[in-house]
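Visitor: I have a structure to read. Can you take me through it feature by feature?

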Amino acid sequence: MSFQKSKIRKIEIDANKGVVNFTLMKELKLKKVTSTWIPKLLGLNPFSSKGEELLNFWGILEKKEFDNYYSLRGAVAEELLQKILEGKGYTVSRYEAKENDYDYFKYDNKNPLYKYFGGLPDIVAKKDDEVLLCEVKSKELQYKKYVDENPPQTEIMQGKILGLLYGLDKTAMVWFLFDDDIARKMKNIVEEVQPYDTQKAVELYLQKHGYPRFKIDYDIIRKDYDIDKKELLEEMKKAYKYAETFRQTLKIDIKDLDSLLFNEILELQKEISNE
């Protein structure tokens, strides 16, 4: 990880109060907290510290390089689920990120929550009076037991938040688990489609290889989760407050940082002081 140095004017470490104070080049603008960020800001991501996620949320850290393989894998999973649901008589809606400006829940007076929280459902399927919101995740088949026995809490919370914002009482989490051969084919497609475009990659994959076959090329785990709206809303408010407090104060607790990130801060502080 590394900092976007051009955004930072000054760093002060107050060991007595246990905080790091930032002075930025520009004021941070108020923004919504989406379903993807809420569990991260609550410290539920086991792969990064709460403080790292906070700095990432505000764009103070450099963005990590993203492997387009994951985009293709997720899009193929959604394509498969759409086909499955339509085969069962559902009318399926999918929401493309760019077309929806990465947020389906635009603010209006009918739901004030949309002013503070947002997100983008993967699939909403309707049949008669039934509305099914599906949060689709993709992984490799080797993680099937892990997902079945200990599904990622960040992903489950993300799905529940989308369900709450959509006005539902439950969310369906659907994990697609692809075998190694499918993963290899997808990685090859990503290399072919340059500059990368997810929709073009999906089309090329299906053209070359057809739809993956259930129980041969992939497996599915579906788990439905009830939404405790009162409890979940309290957690959403905590995440929003955590982000907004930093925007207003530009202070972050040292306890929220892992040792690697704190050392980066120490090095950057020295570098800025010597300029």
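Guide: Start with helix 9, whose buried residues are Leu 261, Ile 265, Leu 268 and Ile 272. Buried means under 20% relative accessible area, exposed over 50%, and partly exposed in between, with a 1.4 Å probe and protein chains only. Helices (H or I, at least four residues) and strands (E, at least two) are DSSP runs, numbered from the N terminus. This is a predicted model: local features need pLDDT of at least 70, side-chain atom pairs count only at pLDDT 80 or more, and totals for chains, interfaces and linings use all residues. Residues are numbered from 1 along each chain as its sequence is written, and side-chain values use heavy atoms, with hydrogens and water left out.

Visitor: Why do the buried residues of helix 9 line one face?

Guide: Seen down the axis, they fall within an arc of 70°, so they line one face of helix 9. The arc is that of the directions from the helix axis to the C-beta atoms. Ser 259, Leu 260 and Ser 273 are exposed, on the face turned away from the buried side.

Visitor: What do the buried residues of helix 9 pack against?

Guide: Their partners are strand 1 (8-14), strand 2 (19-24) and helix 2 (50-57). Contact means heavy atoms within 4.5 Å.

Visitor: Which residue caps the N-terminal end of helix 9?

Guide: Asp 258 does, with a side-chain oxygen 3.2 Å from the backbone nitrogen of Leu 260.

Visitor: Now the sheet. What is the strand order of the open sheet?

Guide: Strands of a sheet pair through backbone hydrogen bonds, either parallel or antiparallel. Here five strands run in the order 4-6-7-8-9, with mixed pairing. Two strands pair if DSSP finds at least two bridges between them. Strand 4 (91-94) and strand 9 stand at the edges, each with a single partner strand, so one side of each has no neighbour in the sheet.

Visitor: How many bridges join strand 8 and strand 9?

Guide: Nine, in the antiparallel sense. Ala 172 stands opposite Asp 224 in strand 9. Helix 5 (residues 153-166) packs on the sheet, touching strand 6, strand 7, strand 8 and strand 9. Its direction makes about 160° with that of strand 7. Axes are lines fitted to C-alpha atoms, for helices over the stretch in contact, and angles run from 0 to 180 degrees between N-to-C directions.

Visitor: Is Asp 226 buried or exposed?

Guide: Asp 226 has 56% relative accessibility, so it counts as exposed. Asp 226 lies in strand 9 (residues 218-226). Not counting residues up to four places away in sequence, Asp 226 touches Lys 160, Asp 169 and Lys 170.

How values were computed
A polar contact is a pair of N or O atoms within 3.5 Å; within protein, one must be able to donate a hydrogen and the other to accept it, and residues adjacent in sequence count only if both atoms are side-chain atoms.
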